[in-house]
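Colleague: Please walk me through this model and show me how to read its features, one at a time.

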Amino acid sequence: MEERRFIDLALTNEVNAGIMERLSSLALPDAWLVSGSLFQTVWNALTGRAPGYGIKDYDVFYFDRDTSWEAEDAVIRRCAETFADFDVEIEVRNQARVHLWYPEKFGIAYPALSSSTEGIDRFLAPACMVGIAPGSLHVYAPYGFDDIEAMTIRPNRVANFSAERYAEKAGRWKAKWPELTVLPA
């Protein structure tokens, strides 16, 4: 799959397209729409399903060196107002803060990041490792689109990899998209 086709398919989902359009106006540093809402929309296009089928939430990453909860909360509130008319869950997270809460939530160390794309690099499977930047529609996909197009889930053995979380996510996806091939952790 070529990058342009990936973008075109991902933006068939009106929520993805709307987030991309409005995200620019928020002027968040190093902002990206990432992961599930993108690759799952492409899966839906490949399998003839509605663009939003099976998508649990829409993830927006940004990177702000102000790691205070108050600063992130202010961004979350601004985004909630901006996207209030979308009837979906949109999760906005400052990637500069992830190392502060991840160990408590998931029981695994999470080294500090220096950019949003480093956060994308930490997803549990290469198929998940995609992001589109607002405005330019620049795509970050360090492993390309082969696993997305082939509907293959394989482990990405990064510092925060958890076989249990991988199995949980892969199981949820397989239930929605039975065409998936899931490789063992």
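Colleague: How is Asp30 classed by relative accessible area?

Modeller: Asp30 is partly exposed, because its relative accessible area is 33%; buried means under 20%, exposed over 50%, and partly exposed in between, with a 1.4 Å probe and protein chains only. Please keep in mind that this is a predicted model, where local features need pLDDT of at least 70, side-chain atom pairs count only at pLDDT 80 or more, and totals for chains, interfaces and linings use all residues. Numbering runs from 1 along each chain as its sequence is written, and side-chain values use heavy atoms, leaving out hydrogens and water.

Colleague: Where is the place of Asp30?

Modeller: Look in the loop between helix 2 (14-26) and strand 1. Helices (H or I, at least four residues) and strands (E, at least two) are DSSP runs, numbered from the N terminus. The backbone is worth a glance there too: Asp30 is not a glycine, yet its phi is positive, at about 50 degrees. Leu137, also not a glycine, has a positive phi of about 55 degrees. Leu137 sits in the loop between strand 4 and strand 5, and its relative accessibility of 24% is why it counts as partly exposed.

Colleague: In what order do the 5 strands form the open sheet?

Modeller: The order is 3-2-1-4-5, with mixed pairing. Strand 3 (90-94) and strand 5 (139-140) are the edge strands, each pairing on one side only. Two strands pair if DSSP finds at least two bridges between them. Working across, strand 2 and strand 3 are parallel, over 5 bridges, while strand 1 (residues 32-34) pairs with strand 2 in the antiparallel sense over 3 bridges. Phe61 is a handy landmark: Trp32 has Phe61 as its bridge partner in strand 2, and Phe61 has Arg93 as its bridge partner in strand 3. Further along, strand 4 (residues 131-132) and strand 5 run antiparallel and are joined by 2 bridges; here Gly131 is partnered by Tyr140.

Colleague: Why is strand 2 largely enclosed by the rest of the structure?

Modeller: Of its 5 residues (58-62), 5 are buried, so the rest of the structure largely encloses strand 2.

Colleague: Is Asp57 buried or exposed?

Modeller: Asp57 is buried, because its relative accessibility is 14%. Asp57 is in the loop between helix 3 (36-47) and strand 2. Leaving out residues up to four places away in sequence, Asp57 touches Ser37, Glu89 and Glu91; contact means heavy atoms within 4.5 Å. From Asp57 to Ser35 is 22 residues in sequence and 9.8 Å in space, C-alpha to C-alpha.

Colleague: What radius of gyration would a compact globule with 185 residues have?

Modeller: It would be near 16 Å, and the chain agrees because it has 16 Å; the radius is taken over C-alpha atoms, and the globule rule is 2.2 Å times the number of residues to the power 0.38. Along its principal axes, the C-alpha trace spans about 40 × 35 × 25 Å. The secondary structure comes to 8 helices and 7 strands, and 48% of the 185 residues count as buried. Of the contacts between residues at least 6 apart in sequence, 70% join residues at least 24 apart.
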